[in-house]
Amino acid sequence: MRLAARALLGFACWLALAWAAPVTLKVKIGPGVVEMVVEDYVAAVLAGECSTFRSDEAIKAMAVAARSYGVNLRGRHAAEGFDLCSTTHCQRVDRGGVTPRLTALAAQTAGEMLWFEGKPAFACYSRSCGGTTEEGAAVWSDLRAPYLRSHADPYCTRRDDTAWRWSVAAPELMRALRQAQLRTPPEIQTVAIPRRTASGRAKELELSGAGERVRMAASSFRFAIGRAFGFQSLRSDLWRVAGSNGRLEFAGAGDGHGAGLCQMGADQMGTEGHGYRDILAFYYPGAPVGLTARGLSWRRLGGEHVSLMTTQVERDRAVLGDADHMVREIAAKYGWTPPAGIELRIYPDIDTFRNATGEPGWVAARTTARRIQLQAANSLRARGVLEGTLRHELLHVFVEAQAAGGLPVWFREGLVGYLDGGPGGSRKNAQDEDVRQTGDEARARLGYEASTARVSDLARRHGLEAVLGWLRAGLPAGVK
């Protein structure tokens with residue numbers, strides 16, 4: 001069995017982070033707040049957003065996008081006491097519309113998300129892109145999401161219901177804009193589009209009449225019309241306009257902002273035989289799908305005994321020298337040969353470490369065989385636990401490199417704790433399952449303490465040399 005060793009954050013100073021993996025979401029539904037398991041939330045979003053899809057693969061793609069989007073925006077309404085609302089402001093939730101089909105399709109992608117730089121991606125979507133998806137930054141100016149690119153979508157245009165028309169009398173339009181507290185000319189005779197986005201959508205408008213011209217954002221114009229006449233009137237910012245007999249005639253395509261996944265195009269892709277991963281790759285290029293963190297740009301630095309994988313070379317470079325020094329120190333102290341191929345992987349922040357390893361925030365590091373995965377080094381250094389955590393994990397690498405098959409987890413963990421001078425406790429109840437689980441921090445700490453205390457007792461009674469011999473030969477029957 002390959003042991004996945006863990007260093008509890010602040011094992012020596014009892015410092016912990018209260019950030020657990022997002023198992024549930026608090027969702028505002030009607031007048032109340034409901035706590036929903038993520039997978040139940042995803043199924044309810046599928047019911048609210050895409051229950052009419054013909055393609056199962058397109059629904060699965062939506063499940064991954066909805067899961068990613070929901071977890072990315074978790075806490076959006078924290079000031080109001082919940083994570084997400086159940087309207088299209090976040091994602092439309094319809095718990096009553098969940099069917100066995102939707103539940104089963106959501107389950108087929110359970111836990112899968114789109115990732116960008118180790119975090120769940122902002123996987124936005126719209127009803128129809130009208131044949132060209134929008135750049136994410138064109139909709140949200142401060143958004144850094146290179147996977148939200150503008151590109152042609154031939155699948156959307158194969159549907160015959162992407163084009164739309166809408167007309168409005170000029171005085172009615174002016175009243176709607178003023179109700180939204182937007183400045184207008186004394187009357188509206190023409191609407192021009194001096195600026196468009198790269199996808200061809202209106203970016204800035206110029207309203208003219210009675211000798212005055214007023215400029216406004218196209219998005220403000222569309223939302224004002226939506227509030228006054230309904231959002232099925234001016235459906236997107238992809239339109240052209242002409243004036244006739246005191247009315248303005250709009251002809252456009254698409255429905256919504258157009259960034260990310262186009263629901264009509266995705267459904268068409270699915271009916272043409274494309275799988276859900278193909279659909280996601282088409283609409284979110286550069287945001288890989290996975291159960292754990294993806295999309296990190298790793299750089300490798302080589303040392304004498306340790307190689308360092310990092311996303312921030314200058315910040316983490318010094319840790320490589322510290323690790324090499326500790327390897328030499330441990331080897332000299334116990335007469336051990338340094339294991340070959342030790343890899344130290346430092347994540348850029350706590351969330352990314354948690355996403356990649358599945359560990360809760362109170363676990364500072366995870367070691368499997370000769371790979372050490374570490375929380376952000378600067379964060380651990382600020383808490384005064386970087387050096388202790390690194391030494392603890394390197395001891396695990398040495399121990400695992402020599403461990404006989406079948407050695408119980410409590411002995412391997414306890415030996416590392418003893419060699420590291422960790423705090424001991426009662427030597428009773430040193431159980432493997434206490435150390436393996438990560439759902440209960442207090443139970444894990446007691447398990448580590450009990451394991452350390454038990455090995456400490458064995459070292460006192462039999463001597464450290466004998467205990468280290470058991471590491472390679474296996475435990476005597478009496479000790480087992």
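The structure is a predicted model. Its largest nonpolar core has 57 residues, and another core, of 46 residues, lies apart from it. Helix α14 packs with helix α17 at an angle of about 140 degrees and with helix α16 at about 75 degrees.

**Nonpolar cores**

- In soluble globular proteins, nonpolar side chains tend to be buried together.
- Within the largest core, of 57 residues, the residues with the most contacts are Leu 46, Leu 114, Tyr 147, Leu 261, Leu 280 and Tyr 284.
- Helix α2, which spans residues 56–72, gives the most to this core, with nine residues.
- Leu 261 touches Ala 61, Met 62, Cys 124, Tyr 125, Ser 126, Ala 266, Ile 279, Leu 280, Tyr 283 and Tyr 284, leaving aside residues up to four places away in sequence.
- The separate core of 46 residues includes Leu 308, Leu 320, Val 416 and Val 467.

**Helix α14 with helix α17**

- Two packed helices are described by the angle between their axes and the distance between the axes.
- Helix α14 covers residues 409–419 and helix α17 covers residues 464–473; their axes are 11 Å apart, at an angle of about 140 degrees.
- That angle makes α14 oblique to α17, and the crossing of the two helices is left-handed.
- On the α14 side, Phe 411, Leu 415, Tyr 418 and Leu 419 take part in the contact, meeting Leu 464, Val 467, Leu 468, Trp 470 and Leu 471 of α17.
- The residues of this contact comprise nine nonpolar, no polar and no charged.

**Helix α14 with helix α16**

- Helix α16 spans residues 441–462, and its axis lies 7 Å from that of α14, at an angle of about 75 degrees.
- The two helices are therefore roughly perpendicular to each other.
- From α14, the residues Trp 410, Phe 411, Glu 413, Gly 414, Leu 415, Gly 417 and Tyr 418 meet Tyr 448, Ser 451, Thr 452, Arg 454, Val 455, Ser 456, Leu 458 and Ala 459 of α16.
- Sorted by class, this contact has eight nonpolar, five polar and two charged residues.

**The buried residue Asp 267**

- Asp 267 is placed in helix α8, which runs over residues 263–271.
- With a relative accessible area of 4%, Asp 267 is buried.
- Leaving aside residues up to four places away in sequence, Asp 267 touches Phe 53, Arg 54, Ser 55, Ala 58 and Arg 159.

Definitions and conventions
Residues numbered from 1 in each chain as written. Predicted model: local features only at pLDDT ≥ 70, side-chain atom pairs only at ≥ 80, totals over all residues. Heavy atoms only, no water. Axes fitted to C-alpha atoms, helices over the stretch in contact; angles between N-to-C directions. Helix = DSSP H or I, 4+ residues; strand = E, 2+ residues; numbered from the N terminus. Parallel < 35°, antiparallel > 145°, perpendicular 65-115°, else oblique. Left-handed = near helix turned anticlockwise from the far one by under 90°. Contact = heavy atoms within 4.5 Å. Nonpolar A, V, L, I, M, F, W, Y, C, P; charged D, E, K, R; others polar. Buried < 20%, exposed > 50% of the residue type's maximum accessible area, 1.4 Å probe, protein only. Core = buried A, V, L, I, M, F, W, Y, C linked by side-chain atoms within 4.5 Å.
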